[in-house]
Amino acid sequence: MEKQKLSRRDFLLMSGAAAAGSLLAACQPQVVEKTVEVEKVVEQTVEVEVPVEVEVEKVVEVPAEMENVVLTHTFWGTSAEWQLWVAFDDQFSAENPGVSVISEHIPTQYENQIMMRRAAGDMPNVLNMQDEPFPRYADQDVYTNLDPYVEMDAAELDLDDFFPQLLDMFKWDKTTKTWMTGSQYAMPWDGAGILWFYNMDLFDELGLEPPANNGWDWTMDEFLDLCLKIAEFDGDGTMTRGAFRLPGWVYHMPFIMTMGGLYVDLDAKKCTLDTPESIEAVQYYVDLRLKHHVCPHTDEFAGMSDLDLFREGSLGMHLTGPWWFPDLRAIPWEELRWDCLHFPKNPATGERYVRQSWDGMAIGVDTENQDASWEYIKFVLTPGGQGRIAELGRAMPARPSVANSEGFMNPDLPPPNEKVFLDAVDYYHVQPINLYWDEMWTVIGKYWEEMSNEDIRMPVEEGCAKITAGVDYLFEHGELPADY
Amino acid sequence: MSVVTDKLSRRWSLRAKEAAAGYFFILPFLIGFLWFTAIPMGVALYISFTEYNIVQPPEWVGVHHFVRLFEDTRLRKALANTSFYAGLSVPLYLATSFLAALAMNSKIKGIRIYRTIFYLPSVIPAVANVMLWLWIFNPQWGIANFLLGLVGIEGQKWFLDPNLSKPCLIAMGLWGIGPTMVIYLAGLQGVPPELYEAAEIDGAGPWGRFLHVTIPMMSSVTFFNLIMGIINAFQVFALAFVLIETGAGGTATAGAAGVQDSLLFYVYYLYQRGFQYQQMGYASAMGWLLLLIILVLTVIQFKLAGSWVYYEAARGA
């Protein structure tokens with residue numbers, strides 16, 4: 001038999017196959033017997049108690065007086081205040097879907113516009129108003145008597161959380177024609193007294209130290225010394241920098257009242273500017289311009305606004321309320337640093353007073369939807385509503401609890417010491433508001449101008465005597481004297 | 001007879017028809033006049049006999065307000081200020097307008113542009129006008145005092161000086177001569193050129209032609225402008241109101257109208273009484289007094305007109 005020879009090729013092929021086979025055999029997992037626990041899923045019905053939240057539609061009865069209501073609300077003020085009221089309206093409508101509020105901005109001649117609307121029978125449902133004209137309009141039946149509402153909602157309103165005298169400032173007694181007593185015709189919502197604003201940069205430049213403790217203890221003598229250091233003149237004797245502009249209208253009340261004077265005795269319905277104390281107080285005021293010349297004459301800085309003069313350092317101080325905050329806060333801090341000071345005390349008596357002024361909200365008399373109007377007023381007076389007002393910075397909210405919060409005393413915004421407005425509540429003084437407020441100021445203004453004008457210089461005794469005669473006549477006869 | 005009556009009735013019917021057509025066409029004006037002028041005047045007359053504060057019903061007081069008018073010293077001050085203003089501003093206004101019209105009557109290139117420029121200030125709102133002039137008359141920085149300083153004259157207080165506040169107001173008013181100038185211009189362009197030719201032939205020079213042709217021919221226009229000027233001057237309000245309300249008139253306190261009430265004009269005082277003090281009865285009485293004053297002045301002007309106003313049509317030319 002012939003041996004068959006294995007070719008090299010075949011041998012290599014067989015070898016390669018054997019090697020591959022061996023390799024494959026070696027790579028095979030080793031089968032190891034082991035015990036494996038296998039999870040067995042068993043379906044089983046189990047009864048389990050599971051709490052389930054179910055939305056239940058709660059049916060709330062909306063009072064009829066809050067359904068399909070459109071309220072009109074009038075106000076004055078800046079565009080920022082406009083935005084405030086629009087926000088109030090939107091929020092109130094969101095919380096009271098049946099009520100929509102239209103806030104109408106009256107930019108000028110506010111009281112006149114309201115009177116015209118009263119005459120036309122088109123009073124707004126809710127109207128903002130100031131304290132000064134309040135007695136006249138309350139007496140003329142412009143506002144709805146709020147006594148029933150206040151009594152009904154006294155607990156909700158938390159009447160103790162209003163600054164002293166505020167609620168009384170919007171009361172009027174029609175029988176005795178007396179202010180701060182009688183029925184409630186409006187609710188206060190913001191306001192403040194007037195204090196000193198000073199230019200910190202100017203003080204630094206002049207090397208002046210502001211009085212310690214924001215002026216809590218300083219006196220009118222120290223105040224005058226400071227003013228004399230601020231005032232500056234050129235070679236002709238014309239003022240180039242003043243301490244402050246001599247305030248007019250009601251803004252001179254702090255000087256007069258602190259130095260012992262009084263404009264009118266409302267109880268006796270008598271003008272008291274002719275008393276020795278009042279004359280001395282008015283003389284002090286007039287001397288600030290005419291004797292000490294720390295206040296500009298009428299032709300010095302004429303035509304320039306107080307804000308511009310304060311900002312550029314032409315005036316070192318200005319006497320006003322927190323309504324200056326928005327304008328000053330619009331100026332970058334690096335450009336103007338400013339703060340507030342207390343009004344100085346009478347050096348002899350240690351007393352001081354500043355004029356306070358508050359704004360209120362009232363319901364227009366004979367308007368529809370009075371209940372809804374009252375709800376809107378209450379809404380503004382809630383802590384949330386007052387908080388919004390505080391953030392605006394226009395004035396202090398009427399509630400101390402909110403005024404004491406960071407809403408009003410914002411640590412991130414100037415001034416560093418707005419708390420002075422809160423501390424000063426102790427010496428806030430009501431103005432001599434009465435039925436003849438506008439006419440009274442016509443008489444006072446006429447002679448006040450002549451007493452403080454550098455060219456006229458009417459003697460203070462003479463001016464005060466004429467004012468007293470005119471105002472007394474006004475109170476007695478209810479009209480201006482023919483020869484004032 | 002029937003023919004005569006027939007003719008008469010046809011003529012009457014024609015007249016009646018023509019009259020009816022005439023009344024129909026003036027009816028809109030009549031309604032407007034009654035509703036916006038005559039009836040309010042009647043109501044104001046009634047209110048002048050009442051105490052009325054707008055919000056409460058009027059209370060009859062008889063002639064109380066009219067008696068008070070003659071006792072009111074502030075009213076006298078207002079009337080004096082207004083009379084001063086009218087007495088000075090009207091002649092100045094007429095003269096300035098006439099001179100401007102003469103200049104605008106030239107036939108030069110671009111004359112229409114010049115006429116527009118002269119008219120433009122009269123369309124500026126009162127507030128903008130006041131703001132501009134406050135800067136011009138600013139005692140410290142104003143152009144007026146700067147120019148005075150250039151010629152060595154001491155600066156003035158202008159609006160803050162009770163003796164100068166009204167002249168300043170008059171100066172402000174002169175800026176608005178545009179409408180009066182346009183009326184004069186129309187009159188100048190209506191003067192027949194043959195009159196000038198005839199005068200020239202007769203040997204009249206430029207001044208002679210102006211004196212004996214232009215002025216007489218313009219006298220009727222001047223008379224019209226004079227009447228309107230007096231009526232407007234006695235009702236001056238807007239400029240003074242803006243000055244007083246902005247405090248630019250120098251009032252340190254509210255209530256005064258300019259230093260020593262130098263800017264207290266009649267209509268402003270009427271506004272103050274009616275809208276600030278809510279004494280509509282007294283304000284209405286003031287309104288009627290003003291009407292009587294202006295009426296008397298107008299009647300006087302009409303009586304005097306015969307001696308100086310020339311109407312070409314009246315002379316049968």
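Tutor: Helices (DSSP runs of H or I, at least four residues) and strands (DSSP runs of E, at least two residues) are numbered from the N terminus. Chain A has 18 helices and 17 strands. This is a predicted model, in which local features need pLDDT of at least 70, side-chain atom pairs count only at pLDDT 80 or more, and totals for chains, interfaces and linings use all residues. Residues are numbered from 1 along each chain as its sequence is written, while chains are lettered from A and ligands numbered from 1 in the order in which they are written.

Student: Why is Gln272(B) counted as buried?

Tutor: A residue is buried if 20 or more other C-beta atoms, placed from the backbone, lie within 10 Å of its own; with 12 or fewer it is exposed, and in between it is partly exposed. Gln272(B) has 22 C-beta neighbours inside 10 Å, and therefore counts as buried. This residue is found in helix H12 (residues 266-276) of chain B.

Student: How many residues of chain A count as buried, as a percentage?

Tutor: Of its 484 residues, 42% do.

Student: How do you know which strands E8(A) pairs with?

Tutor: Two strands pair if DSSP finds at least two bridges between them. E8(A) has 4 bridges to strand E13 (residues 317-320) of chain A, and 4 to strand E14 (residues 338-341) of chain A. E8(A) therefore pairs with E13(A) and with E14(A). The pairing is antiparallel with E13(A) and antiparallel with E14(A). Trp196(A) has Leu319(A) as its bridge partner in E13(A), and stands opposite Leu341(A) in E14(A).

Student: Why are E5 and E6 of chain A called edge strands?

Tutor: They belong to an open sheet of 3 strands with the order E5-E4-E6 (chain A) and antiparallel pairing. Strand E5 (178-179) and strand E6 (183-184) of chain A each pair on one side only, and are the edge strands. Strand E4 (residues 171-173) of chain A is joined to E5(A) by 2 bridges, which meets the requirement for a pair. Trp172(A) stands opposite Trp179(A) in E5(A).

Student: What makes residues of chain A and chain B count as being in contact?

Tutor: Two residues are in contact if their C-beta atoms, placed from the backbone, lie within 7 Å. On that basis 31 residues of chain A are in contact with 31 residues of chain B. H17(A) gives the largest share of the chain A side, 11 residues.

Student: How is the side of chain A that touches chain B divided by class?

Tutor: Ala, Val, Leu, Ile, Met, Phe, Trp, Tyr, Cys and Pro count as nonpolar, Asp, Glu, Lys and Arg as charged, and the others, Gly among them, as polar. That side has 12 nonpolar, 9 polar and 10 charged residues.

Student: Where do the domain bounds come from, and what are they in chain A?

Tutor: They come from an automatic or database domain assignment. For chain A the assignment gives domain 1 (64-190 + 358-418) and domain 2 (195-355 + 431-477), with C-alpha centres 30 Å apart. Between them, 21 residues of domain 1 of chain A are in contact with 18 residues of domain 2 of chain A. Chain B is divided into domain 1 (2-47) and domain 2 (63-308), whose C-alpha centres lie 37 Å apart.
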